[in-house]
Amino acid sequence: MTVTITRPDVTALPLVPENPLPYWHRLTATRRFDTGLELMRDSGGSVTRNVLGPTWMMPPLVFVFSPQGAHDVLARTDAFAERAAAPIALEIRRLVGDNLLVLPHHEWLPRRRALQPIFTKHHVPRFAGHMAEVAEQLADRWSLGAAVDLDAECRALTLGALGHSIFGIDLGDQTQVVGAALRTGGKWAADRALRPVNPPRWWPTRAQRTARASSAALHALAAEILQACRADPTRDAPLVRALMQTTDPQTGRPLSDRAICDELVLFLFAGHDTTSTALTYALWALGHRPDLQQRAAAEACALGDRRLTHEDVPRLRYTVQVLHEALRLCPPAPAVGRMVMADIEVNGYHVPAGTFAIVAIYAMHRDPALWEDPLRFDPDRFSPERSKGRDRWQYLPFGGGPRACIGDHFAMLEATLALATILRQIEVHSLSSDFPTATPLTMIAAAPIRAKVGLRRSMNRRVS
């Protein structure tokens with residue numbers, strides 16, 4: 001018996017309405033994945049179309065601001081909405097090579113299956129000790145009292161912990177170099193993807209030379225990590241070990257050293273930005289709200305002086321809520337895109353093949369139609385009572401669907417332990433009145449986030 005499966009005809013549906021803003025306003029807004037896309041949402045509604053030029057120059061853009069629309073784009077298990085074909089993904093792939101973020105659907109699936117076990121809830125607790133240890137070192141330094149840049153400090157913290165827990169290496173003084181290289185490469189890829197016209201990649205512009213140098217530096221570090229693991233079979237580097245045991249689905253052979261290094265560069269980028277942005281924003285917000293900070297600190301202090309572990313996380317519920325609220329207001333990925341490969345339906349509209357569909361996460365997270373008093377920092381909105389009935393597709397800090405961030409559990413575990421470790425010893429007083437952001441690729445602080453830090457008055461002994 002033969003079963004015929006027919007796809008619904010979506011061409012009868014209306015096309016997504018065009019955004020009414022003037023051309024130059026739309027062009028400017030499209031380059032800002034945070035405040036710019038809020039402007040597109042306010043002017044165009046839950047789904048809006050933006051055509052910036054002929055299709056040979058730039059694909060039509062459809063911006064999605066509704067939970068249903070986000071589901072329609074991101075929840076697909078077919079290849080009709082392909083991340084790897086998106087302009088930004090293509091630029092990242094050409095700059096740093098193949099990796100889990102940019103592989104086409106048929107290549108991505110076996111790679112994801114091979115790496116997924118490392119990042120399950122049952123596996124990630126083994127990484128927790130490194131984050132708690134590095135956070136203790138930071139808290140000890142802050143306890144002396146100083147004015148610090150929370151953004152720079154949190155980036156160094158997360159890169160240091162990531163080096164130990166995932167790669168089995170002490171990055172040490174390399175954290176600043178690695179962080180700068182990651183930002184440079186990401187900004188270059190995003191800029192090229194969003195410009196209608198670009199110089200050839202071989203043209204030796206200053207930006208392209210800098211981006212290639214950044215990519216080379218990151219790959220050199222990845223090669224160093226891989227070589228160290230091959231030389232020492234006892235080195236604890238779970239991600240590197242998993243990649244060494246992964247086979248190429250096309251050849252059945254182990255991944256080449258180049259392929260492994262491409263993946264390591266991706267995880268340096270993703271693991272670094274996700275946790276540091278959440279932690280920076282959480283500390284800055286709490287630095288303006290002593291009442292909320294004291295509540296989170298009291299929760300952490302109740303666990304005693306010993307080093308925190310993954311087993312403590314269930315007792316850090318308010319700390320987790322603080323991080324969820326930080327991720328709502330400052331999501332590491334302010335928008336995620338898919339190239340539409342076949343006609344699909346999005347929120348009741350027809351989206352033709354060849355369209356670049358962008359789910360505007362930042363704008364959704366701040367939409368007054370979805371959130372009460374959306375600009376207020378209120379961790380209690382993520383309490384069990386207030387979370388009941390909330391559409392799971394209106395909160396997407398790690399994306400959604402099959403290609404959601406593979407390291408979401410790892411990122412939340414690390415951020416929770418780091419925040420609790422810092423707050424039970426340190427008081428934070430924010431000196432920066434606002435939190436300016438930039439979106440070169442992921443969401444980052446656009447300026448130093450200044451704060452005064454010192455020993456918490458309720459602490460009378462060193463955490464160890």
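## Inside a predicted model

Mentor: Arg-403 has a relative accessibility of 9%, so Arg-403 counts as buried. Keep in mind that this model is predicted.

Trainee: Which residue forms a salt bridge with Arg-403?

Mentor: Side chains of opposite charge can pair when their charged atoms come close. For Arg-403, the closest N and O atoms of the salt bridge are 3.2 Å apart. The partner sits in strand β3. That partner is Glu-82.

Trainee: Is Glu-82 buried or exposed?

Mentor: Buried means under 20% relative accessible area. Glu-82 has 9% relative accessibility, so Glu-82 counts as buried.

Trainee: How many residues apart are Arg-403 and Glu-82?

Mentor: Arg-403 lies in the loop between α15 (384-387) and α16 (408-423). Glu-82 belongs to strand β3. The pair links distant parts of the chain, and the separation is 321 residues.

Trainee: Which elements give two or more residues to the lining of the second largest cavity?

Mentor: By class, this lining has 6 nonpolar, 2 polar and 6 charged residues. The elements that give two or more residues to the lining are α3 (67-74), β3 (81-82) and α5 (105-115).

Trainee: Which residues of α3 are buried?

Mentor: Helix α3 is mostly covered, with 6 of its 8 residues buried. The cover includes β2 (61-64), β3, β5 (336-340), β6 (344-346), β8 (356-359) and α14 (361-365). The buried residues are Pro-67, Gly-69, Ala-70, Asp-72, Val-73 and Leu-74.

Trainee: Which residues is Val-359 in contact with, leaving aside its neighbours within four places in sequence?

Mentor: The largest nonpolar core has 144 residues. Val-359 is one of the four that touch the most other members, along with Phe-167, Leu-239 and Leu-283. Beyond its sequence neighbours, Val-359 is in contact with Val-64, Ala-70, Val-73, Leu-74, Pro-334, Ala-335, Val-336, Met-364 and Leu-396.

Trainee: Is Thr-277 buried or exposed?

Mentor: Thr-277 has its place in helix α11. Leaving out residues up to four places away in sequence, Thr-277 touches Arg-155, Cys-330 and Met-443. With 5% relative accessibility, Thr-277 counts as buried.

Trainee: Back to salt bridges. What is the N to O distance between Asp-34 and Arg-32?

Mentor: The search finds 22 salt bridges in the whole structure. Asp-34 is buried because its relative accessibility is 0%. Arg-32, at 30%, counts as partly exposed. Their side chains meet in a salt bridge with an N to O distance of 2.6 Å.

Trainee: Are Arg-289 and Asp-291 buried or partly exposed?

Mentor: The two side chains meet in a salt bridge at 3.0 Å, N to O. Relative accessibility is 23% for Arg-289, so Arg-289 counts as partly exposed. At 46%, Asp-291 also counts as partly exposed.

Trainee: Which residues are linked in a network of salt bridges?

Mentor: Look for charged side chains joined to one another. One such network links Glu-38, Arg-41 and Asp-42.

Trainee: Now the largest pocket. Which element supplies the largest share of its lining?

Mentor: The largest pocket has a volume of about 820 Å³. Its lining has 31 residues, and Lys-121, Val-320, His-324, His-409 and Met-412 are the closest to its centre. Those that supply at least two lining residues each include α13 (317-329), α15 and α16. The largest share, 5 residues, comes from α16.

Trainee: How many Å apart in space are Pro-379 and Gln-321, C-alpha to C-alpha?

Mentor: Pro-379 is in the loop between α14 and α15, and at 1% relative accessibility Pro-379 counts as buried. Gln-321 is among the residues that Pro-379 touches, as are Leu-292, Tyr-318, Val-322 and Glu-325. In sequence, Pro-379 and Gln-321 are 58 residues apart. In space, C-alpha to C-alpha, the distance is 5.1 Å.

Technical notes
Residues are numbered from 1 along each chain as its sequence is written. This is a predicted model: local features need pLDDT of at least 70, side-chain atom pairs count only at pLDDT 80 or more; totals for chains, interfaces and linings use all residues. Side-chain values use heavy atoms; hydrogens and water are left out. Helices (H or I, at least four residues) and strands (E, at least two) are DSSP runs, numbered from the N terminus. Ala, Val, Leu, Ile, Met, Phe, Trp, Tyr, Cys and Pro count as nonpolar, Asp, Glu, Lys and Arg as charged, and the others, Gly among them, as polar. A nonpolar core is a set of buried Ala, Val, Leu, Ile, Met, Phe, Trp, Tyr and Cys residues joined through side-chain atoms within 4.5 Å. Buried means under 20% relative accessible area, exposed over 50%, partly exposed in between (1.4 Å probe, protein chains only). Contact means heavy atoms within 4.5 Å. A salt bridge is a side-chain nitrogen of Lys or Arg within 4 Å of a carboxyl oxygen of Asp or Glu. On a 1 Å grid over the protein atoms alone, a cavity is a set of points where a 1.4 Å probe fits but cannot get out, and a pocket is an open set with protein on both sides within 12 Å along at least five of seven lines; lining residues have an atom within 4 Å of a point. Grid points are joined across faces, edges and corners, and a volume is the space filled by probe spheres set on the points.
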